[in-house]
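Visitor: Please take a close look at one part of this model for me. I would like the hairpin and its turn, step by step.

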Amino acid sequence: MVCGFIKLNGTTVGAVANRCEIYDAEGNLVETMESVLSVKGARKAADFVNFCDAFEIPVLTLVNVNGYKNCAMNEKKIARAAAKLTAAFANASVPKVTVVCGTAFGTAGLAMNSKSIGADIVYAWENASIGMMDATPAVKIMYAKEIAESQNPAALIAEKAAEYTAMQASAMAAARRGYVDDKLDAAGKTGTSQSFLD
């Protein structure tokens, strides 16, 4: 989790982001991490959002989270930490904008300032994935019998995963359900909700 302050048009804004890659000064990838929410990350973000709210600083949230960190130590405390993060975003009265840059899966995606807990505006990159889980594991659960009986299980999984993504996990599907207000490309240009939903 990365938290810090940025300036947008002369206004100080608090930025909260899921970190999954670290680059050096020359732009070379130095380290890759899982796109998951940990106890420390959730607590850090919650404290930062509460600080911003106390000093009337708007909050920008950049989301790329697949779920929660999977380890024994994290599982003991993640429910309370995620609840603290969700409450911090939900209770903050400052302007809150969210941009889904990669994935926003499950309750970890919801906890990262989703529309469901009070984000004022939610943007998503066109290639973002928003839903309950990644398409491939979802398909393996939903079509377990068909996959087991298939002559070519890999092709069936790929076909069903593409269908699932289009219907359930794409940014467009999320927009149709009201979870996303508009699209945003990497250059920062917004589309219109009408064109996004067509």
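Guide: Phe-5 stands opposite Gly-14 in E2. E1 and E2 pair in the antiparallel sense, over seven bridges. Two strands count as paired if DSSP finds at least two bridges between them. Strands (E, at least two residues) and helices (H or I, at least four) are DSSP runs, numbered from the N terminus.

This is a predicted model, in which local features need pLDDT of at least 70, side-chain atom pairs count only at pLDDT 80 or more, and totals for chains, interfaces and linings use all residues. Residues are numbered from 1 along each chain as its sequence is written, and side-chain values use heavy atoms, with hydrogens and water left out.

Now the turn. The hairpin of E1 and E2 has two residues between the strands. Asn-9 lies in that loop, between E1 (2-8) and E2 (11-17). Its phi is positive, about 50°, although Asn-9 is not a glycine. Most residues other than glycine have a negative phi. Asn-9 is exposed, at a relative accessible area of 84%. Exposed means over 50%, buried under 20%, partly exposed in between (1.4 Å probe, protein chains only).

Glu-56 also has a positive phi, near 55°. Glu-56 sits in the loop between H1 and strand E6 (59-65). Glu-56 counts as exposed, at 69% relative accessibility.

Last, confidence. pLDDT is the predictor's confidence in each residue, from 0 to 100. The chain averages 88, and 93% of the residues score at least 70. Over residues 192-198 pLDDT stays under 50. Where pLDDT is low, the predicted coordinates should not be read in detail.

Technical notes
Contact means heavy atoms within 4.5 Å.
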